[in-house]
Each structure stands twice: as structure tokens, then as C-alpha cells.
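Hi everyone, thanks for having me.

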Amino acid sequence: MTPTLTTAPPPRAAAPGQPPRRARWRGPLIAWAFLAPALLLFLYFKFIPMFTGLTMSLQEIRYIDSTWVGLDNYATILTDDAFRSAIWHSLVLALGTTAGSIVFGLGLALLIEGPARYLWFVRTAAFLPVVVTMAAVAEVWRIMYHPGDTGTLNMILGWVGIAPQPFLADEDSSLLSIMVMNIWRGTPYDMMIFLAGLVGIDRTLYEAAAVDGASTWRRLRHITLPALRPVFWILFTLAAIRGLRVFVEVYVLTNGGPNGSSEVLMTLIYKLGFQTGELGIASAGGIVLFAATLVLTVLVQLMRRRQAA
């Protein structure tokens, strides 16, 4: 018998309108190749330390060995007066900074929004506090907050007949003084985001409302604010997270003083971890801060989706 030769079936051609299989894989592979260096850095400097911190939060860390204590570190955080005060100060600072920066950012955006040529200089000058390092900003404000008669702000208050204020040196005003500085620095960032949102509003809506006799306030209430609703959600999330994770300004201005009146969670975690050696409790505080940030972000997103629906 003559042997019959069997040939392999020809490769299946791609469906009309679809690229070949090799071409379909080429794009994602190139994208992952470009992302790989950044992902490796994130893995080594962020994700691995986060997992290590979670493990440390369940242990009592000593120089020689460590002891597994379970949730005892978290119980210490929830029952310790210093931690509860730091959490309360962080929440107050986050809420005040968020509300103030959003309100003043919207006001500045409405004032300088427009196509005039000179406005580019105003926008640039207003945005400068954002690009300056936080340590430099805090040091300048620390000098301005000097409680004596020679302090910059007290000199200005003296011009209008107001007695010198203690600012950072008083327990009742230290946290408020830090909040004012944070609002000053966060307002330009919110302003630029609001300006980007104002550009997308249809101008014919304003013209139609003006023809109907709507006042400036009614146009702001019924056209501008509803159109900026997505921007509000984004800024609220970012500003709240920024307020919860405040550290440099508190550390430079007051270091948590006087008498712990401005102590926030980040500065307390730093002191426990690097000054007193309580690495387990400090790690538990970091996990609590991460959980609070995560819960806040999820809640804001759920509220945004429910309102959009």
C-alpha cells in the first residue's frame, strides 16, 4: 500500500476586521514592558513595606526578637487617650482644611475665570504655594506666627488695634493656626481643578439664563454648581485624604505641642516608631490610618454613584 501523506491544516485566518493574534498581544505586552520598572519600584518601596507593616502591627517589636501579640496593639490605640486625641485632631484638621480650601478655591476660580490676557499671571502667582515644598512653607509660616510683637501677623494686627496673639504657642489656637496655613496652601490646587471644570460648562446656558432675567446668584446656583458636581466629589476625596495624612506642617510648626493640642495621628506614629521604639503600636497606627483613608474613599465614591443614579 502506498502511504498517504497527511498535511497539517492551514492556520485559521483572523476574522474580517480583527487583527492577527500576534498583533493583539503586541500592544498589551509593550504596555506592560513600559509599566514594569514603575511596578517593581512600587512593589519594593510600597507594597512590600505595607505587608511588613501589617505583620509588625500584630507583634511587639524588640531589638533582639519579636513577640506575637495579635490585636493588642490595636486595642492600645483605641483605648489610649493620646491616640484618641490625635485621631480627633486629625479629623478636625481634615474637615476644616477640606471645607476651607474648597470654598476659597471655588471663589478664586470664579473671580479669575475668563480669557483675559493678564489672568495667566494671576493664575500662576496664585498657584505658586502648591509648587513650594511643604517644609519651606511651614517654616515661613512659623516665622509669621511668632507670638511676640515682632511677629509678622501680630504686626499687621497691631495696625488695626488688635493685641498680639499667641497663635502656635497657645493650646486653643495652635490647631486652628495650622488649619489656616493648610487652607492657604490647598486653595490654589482646588482653584485650578475648578477652573478646568468651569471650562467645560456650556456658555449658552449662561446667555439663556441672562435673557430670562436670572441673577448672578441664580446662575451660580442652578448652572455652575450642578455642572461642577463631579469636580466637588474629586476635590473632596483628595482634600480629605490630604488632611488625614498631614505630617510635615504639624511637625515643623508645633511638633504636636503645646501639650499635645495639635498632635495628629501621623506625628504620633512617627514619635512612637522613631523616638520611643514602639514599632508595633506605630505600625498599628499606620494601618488604622490606611483603613480610615480607604473607608473615606469608598464612602465618597458610593455617595457619588448614588447621587449620579
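**The pocket, the bridges and the rings**

Let's start with the lining of the largest pocket: by class, 18 of its residues are nonpolar, 6 are polar and 2 are charged. The classes work like this: Ala, Val, Leu, Ile, Met, Phe, Trp, Tyr, Cys and Pro count as nonpolar, Asp, Glu, Lys and Arg as charged, and the others, Gly among them, as polar.

Before I go on, some housekeeping. This is a predicted model, where local features need pLDDT of at least 70 and side-chain atom pairs count only at pLDDT 80 or more, while totals for chains, interfaces and linings use all residues. Residues are numbered from 1 along each chain as its sequence is written, and side-chain values use heavy atoms, with hydrogens and water left out.

Back to the pocket. How much space lies in the largest pocket? About 950 Å³. Of the 26 residues that line this pocket, the closest to its centre are Pro-49, Met-50, Gly-286, Ile-287 and Phe-290. A pocket here is an open set of points on a 1 Å grid over the protein atoms alone, where a 1.4 Å probe fits, with protein on both sides within 12 Å along at least five of seven lines; lining residues have an atom within 4 Å of a point. Grid points are joined across faces, edges and corners, and the volume is the space filled by probe spheres set on the points.

Which helices supply the lining? Helices α1 (21–56), α12 (265–274) and α13 (279–308) each give at least two residues. The biggest giver is α13, with 10 residues. When I say helix, I mean a DSSP run of H or I with at least four residues, numbered from the N terminus.

Next, salt bridges. How many does the structure hold? There are 3 salt bridges, each being a side-chain nitrogen of Lys or Arg within 4 Å of a carboxyl oxygen of Asp or Glu.

Take Arg-84 and Asp-81, whose side chains meet at 2.4 Å, N to O. They are separated by about one helical turn, because they sit 3 residues apart in helix α3 (residues 81–112). Are these two buried or exposed? Arg-84 is partly exposed, at 44% relative accessibility, and Asp-81 is exposed, at 52%. The cut-offs are under 20% relative accessible area for buried, over 50% for exposed, and partly exposed in between, with a 1.4 Å probe and protein chains only.

Another salt bridge joins Arg-142 and Glu-139, again with 2.4 Å from N to O. These residues both lie in helix α5 (residues 134–144), 3 residues apart, which is about one turn of the helix. Arg-142 is partly exposed at 36%, and Glu-139 is partly exposed at 31%.

Then there's Glu-263 with Lys-271, where the closest N and O atoms are 3.0 Å apart. Here Glu-263 is buried at 11% relative accessibility, and Lys-271 is buried at 16%.

Now for the rings. The count comes to 10 aromatic pairs. Phe-194 and Phe-232 have ring centres 5.2 Å apart and planes at 65°, so this pair is edge-to-face. Rings of Phe, Tyr and Trp (its six-membered ring) pair if their centres lie within 6.5 Å, and planes under 30 degrees apart count as stacked, over 60 as edge-to-face and the rest as tilted. Phe-194 is in helix α7 (residues 174–199) and Phe-232 is in helix α10 (residues 229–244), so the pair ties together parts that are 38 residues apart in sequence. Phe-194 is buried at 0% relative accessible area, whereas Phe-232 is partly exposed at 25%.

There is also an aromatic cluster, formed by Trp-141, Tyr-145, Phe-167 and Trp-184. Keep Tyr-145 and Phe-167 in mind for a moment. Ser-177, in helix α7, is buried at 4%. What is Ser-177 in contact with, leaving aside its neighbours within four places in sequence? Tyr-145, Phe-167 and Leu-168, where contact means heavy atoms within 4.5 Å.

Last stop: Ala-94, in helix α3. This alanine is buried, at 6% relative accessibility. Not counting residues up to four places away in sequence, Ala-94 touches Ala-240, Gly-243 and Leu-244. By contrast, the C-alpha atoms of Ala-94 and Ala-210, 116 residues apart along the chain, are separated by 38 Å.
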